[in-house]
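These notebook entries record what I looked up in one structure.

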Amino acid sequence: MSLFRKEYLTLLPVTMITSMAYATDYFTTEQAQKVLFPEADTFVANPVTLTDEQKEKIEEIAKVRQRKKEVPAWRAEKKGKLLGWFIIDEVIGKHEFITYSVAISPEGKVLGLEIMSYRETKGGQVRDSSWRKHFAGKTISDPFKLDVDIPNISGATLSSRNITDGVKRLLSFHKIVLQK
């Protein structure tokens, strides 16, 4: 075995441990639902499988790719009245997926955003409530551009941009599929 291979094999477990050490789960689905819709008494699962036509419309409006056809969504209700939609999504940070959830009102306004799982070694500032609050009240007609209506976070540019694009994509999903 060459010297290079021995060193490579020796470092591989260290690399795996290092990259895994930064993965942090902050919320389960139920916990995130309660944080984003504290007044809700019921969450009704409403998973959606997008048609090709719906997927194309979402991409056309959001100007970003809709990777998955399956979208996990729940109706948040209080005494049978719709309070809004709770949707879970994933975007790529720099190298790893970021799992987040968004609360959207029946009219299509962002009510809140929570980072459920963050796996990157850097860029975790997207969890700061001072940054996430900039999404509250946004609608599909807002620009969703870093340093225009959503501040960029130095050192977390890719995470910031991809979450911003993801929220706009979920608002497009809401408009095309949920808002009827």
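I looked up burial first: Asp89 is buried, and Arg169 is buried as well. I took buried as under 20% relative accessible area, exposed as over 50% and partly exposed as in between, with a 1.4 Å probe and protein chains only. The side chains of these two residues, Asp89 and Arg169, meet in a salt bridge at 2.7 Å, N to O. I counted as a salt bridge a side-chain nitrogen of Lys or Arg within 4 Å of a carboxyl oxygen of Asp or Glu. The pair links distant parts of the chain, with Asp89 in strand β6 and Arg169 in helix α5, 80 residues apart.

I noted the basis of these values. The model is predicted, and local features need pLDDT of at least 70, side-chain atom pairs count only at pLDDT 80 or more, and totals for chains, interfaces and linings use all residues. Residues are numbered from 1 along each chain as its sequence is written, and side-chain values use heavy atoms, with hydrogens and water left out. Helices (H or I, at least four residues) and strands (E, at least two) are DSSP runs, numbered from the N terminus.

I then searched the whole structure for salt bridges and found nine. One of them joins Glu90 to Lys68, with the closest N and O atoms 3.4 Å apart. This pair also links distant parts of the chain: Glu90 is in strand β6, and Lys68 is in the loop between α3 and β4 (70-71), 22 residues apart. Lys68 is partly exposed, at a relative accessible area of 40%. Salt bridges that share partners join Lys68, Glu90 and Arg119 into one network.

I checked Lys55 next: Lys55 forms a salt bridge with Glu59, the closest N and O atoms being 3.7 Å apart. Both residues lie in helix α3 (residues 52-62), four residues apart, or about one turn of the helix. Glu59 counts as partly exposed because its relative accessibility is 23%.

Finally, I turned to nonpolar cores, each a set of buried Ala, Val, Leu, Ile, Met, Phe, Trp, Tyr and Cys residues joined through side-chain atoms within 4.5 Å. The largest has 30 residues, and Ile87, Phe135, Ile163, Val167 and Phe173 have the most contacts inside it. β6 (81-92), β7 (97-104), β8 (110-118) and α5 (157-178) each supply at least two of its residues. Helix α5 gives the largest share of this core, seven residues. A second, separate core of eleven residues includes Leu36, Ala40, Trp74 and Met116.
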